[in-house]
Amino acid sequence: MTLLCLRATHTVIIEQAKLVSKISLERPPSVRTNNRPFVADAAWMLPQFVVGPENESLRYLFDDANISNLVDLSPVVLYGEHEVGKTALAVTLAVKWSRLTKLRPLVFTTGHMLATDFAAAVEIDDLDSFRLKHRQCQLLVIDDLDQIDKAAASQQELVATLDALAESRRPVIVSINRLPSAIRGLSTALTSRLSAGFSIPLHKPSAASIRAIVEAAVTIVDSRLPADELAGFCERFDIKPLTAADVFKIVKIAAQNIDAAGQINLDVVKLLAQQLFSGDGPSLPRIAKIVARKMQVRLVDMRASTRQANIVRARGLAILLARKLTSNSLQQIGEFFGGRDHSTVIHAYRKTEKLVDTDSELASLLLEVQAEVLQH
């Protein structure tokens, strides 16, 4: 019976995999360098966007023939909740179009940047430069357009810009959190222009997509992680519907809590994920204070340059727990512990991790501190 169940499960996984394809994501240096507010790191956690049955329309949009003729679909409107991949897909679509057509320049902006730049142009009486930039480009990308909902004058200017681009057959790509018609602050004129093209809703990943996302994340984060076990965990996750970015964060949490045998405690992973998503996770000060109390050292010494053996031991344990139980970067942990650089933090983490395997007293302290930190 068990063998039959395993075979059935394997068959289901294979069938699900057939429903999934991937879009290689683009993030050109010009976007990273010149548009910092425009680029969210979460959008590019993985090098590919996993397309499951829930986002079937993307297969049509990203077909090379349709990308080449993007002007016939313009304006392309990608809409959906936060962190479903709208920004990364909008940038990728623009870059792929430019590569196929060999046309540029492209202009990347946001609703907020558009309104701010327009107001600045009005203030210095230089609308010509603003219009030259946005109407003479070969393709215009506007991310988070809903941020323009309270800027009536900017909306009116954008309507004229969209008309100018349509007349010169230059495509526009927009991302927005809902259909334009569902956003109260957008003018009827702007809504009608945006509704004249190809609108695609983006949904959070299905079970088939989640499995592919986990497999991709594991290869990046830590290949020792049990991908099947984590995929099942994410598929059953009942705290909130997961985005691809959420799945990646869960994989990172698992990697920070994997033991020497490659095993993970899913109860701990779930608790940490719940705290991360609720914004109620353990903080660096809380971890450091508990370690200092348990190991009977002063917190000020742990954060200073003191090299006494007992202080170094306590500091190492706090750094190990900070890496395991928080989403803080190496730089943030180093800054908290007296401005140490990331290489020093990594050294302390790895040294303490090895000690835990051979030092029963330290291993016991690790479990005690972890249990207290995770208590509410």
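Modeller: The expected span of a helix is 1.5 Å times one less than its number of residues. Helices (H or I, at least four residues) and strands (E, at least two) are DSSP runs, numbered from the N terminus. This is a predicted model, in which local features need pLDDT of at least 70 and side-chain atom pairs count only at pLDDT 80 or more, while totals for chains, interfaces and linings use all residues. Residues are numbered from 1 along each chain as its sequence is written, and side-chain values use heavy atoms, with hydrogens and water left out.

Biologist: How do you know that the span of helix H10 agrees with its number of residues?

Modeller: Helix H10 (residues 207-221) has 15 residues, which at 1.5 Å a residue should span 21 Å; the C-alpha atoms at its ends are 21 Å apart, and the two values therefore agree.

Biologist: What does the chain as a whole contain, and how many of its residues count as buried?

Modeller: The protein chain has 19 helices and seven strands. A residue is buried at under 20% relative accessible area, exposed at over 50% and partly exposed in between (1.4 Å probe, protein chains only). By that criterion, 48% of the 376 residues are buried. The C-alpha atoms fill a box of roughly 75 × 65 × 35 Å along the principal axes.

Biologist: What makes helix H12 largely enclosed?

Modeller: In H12, 10 of the 13 residues are buried, so the rest of the structure largely encloses this helix. Among them are Phe248, Ile250, Val251 and Ile253. Contact means heavy atoms within 4.5 Å. The cover over the buried residues of H12 includes H10, helix H11 (227-235), helix H13 (266-278), H16 and H18. As for length, H12 (residues 244-256) reaches 19 Å from its first C-alpha to its last, close to the expected 18 Å.

Biologist: Why is H16 described as largely enclosed?

Modeller: In H16, 12 of the 17 residues are buried, and the helix is therefore largely enclosed by the rest of the structure. The buried residues include Arg315 and Lys324, along with Leu317, Ile319 and Leu320. H16 (residues 309-325) reaches 24 Å between its first and last C-alpha, close to the 24 Å expected.

Biologist: At what angle do helices H18 and H19 pack?

Modeller: H18 (residues 342-358) and H19 (residues 360-373) pack at about 110 degrees, with their axes 6 Å apart. H18 is therefore roughly perpendicular to H19. Axes are lines fitted to C-alpha atoms, for helices over the stretch in contact, and angles run from 0 to 180 degrees between N-to-C directions. Angles under 35 degrees count as roughly parallel, over 145 as roughly antiparallel, 65 to 115 as roughly perpendicular and the rest as oblique.

Biologist: Which residues make the contact of H18 with H19?

Modeller: H18 contributes Thr352, Leu355, Val356 and Thr358, and H19 contributes Ser360, Leu362, Ala363 and Leu366. Five of the residues in this contact are nonpolar, three are polar and none is charged. Here Ala, Val, Leu, Ile, Met, Phe, Trp, Tyr, Cys and Pro count as nonpolar, Asp, Glu, Lys and Arg as charged, and the others, Gly among them, as polar.

Biologist: Why do E4 and E7 stand at the edges of the sheet?

Modeller: The open sheet has five strands in the order E4-E5-E6-E3-E7, with parallel pairing. Strand E4 (106-110) and strand E7 (198-201) each have a single partner strand, so one side of each lacks a neighbour in the sheet. Neighbouring strands are turned by 15 degrees against each other on average, direction ignored.

Biologist: How do you know that E3 and E6 are joined?

Modeller: Two strands pair if DSSP finds at least two bridges between them. Four bridges join the parallel strands E3 (residues 76-79) and E6 (residues 172-176), and Val76 has Ile173 of E6 as its bridge partner.

Biologist: What makes Leu186 count as buried or exposed?

Modeller: The relative accessible area of Leu186 is 8%, and the residue is therefore buried. Leu186 belongs to the loop between E6 and helix H9 (188-194). Leaving aside neighbours within four places in sequence, its contacts include Ile148, Asp149 and Ile176.

Biologist: How do Asp144 and Gln296 stand in exposure?

Modeller: Asp144 has a relative accessible area of 27% and is therefore partly exposed, whereas Gln296, at 72%, is exposed. Neither is a glycine, yet phi is positive, at about 50 degrees for Asp144 and about 55 degrees for Gln296.
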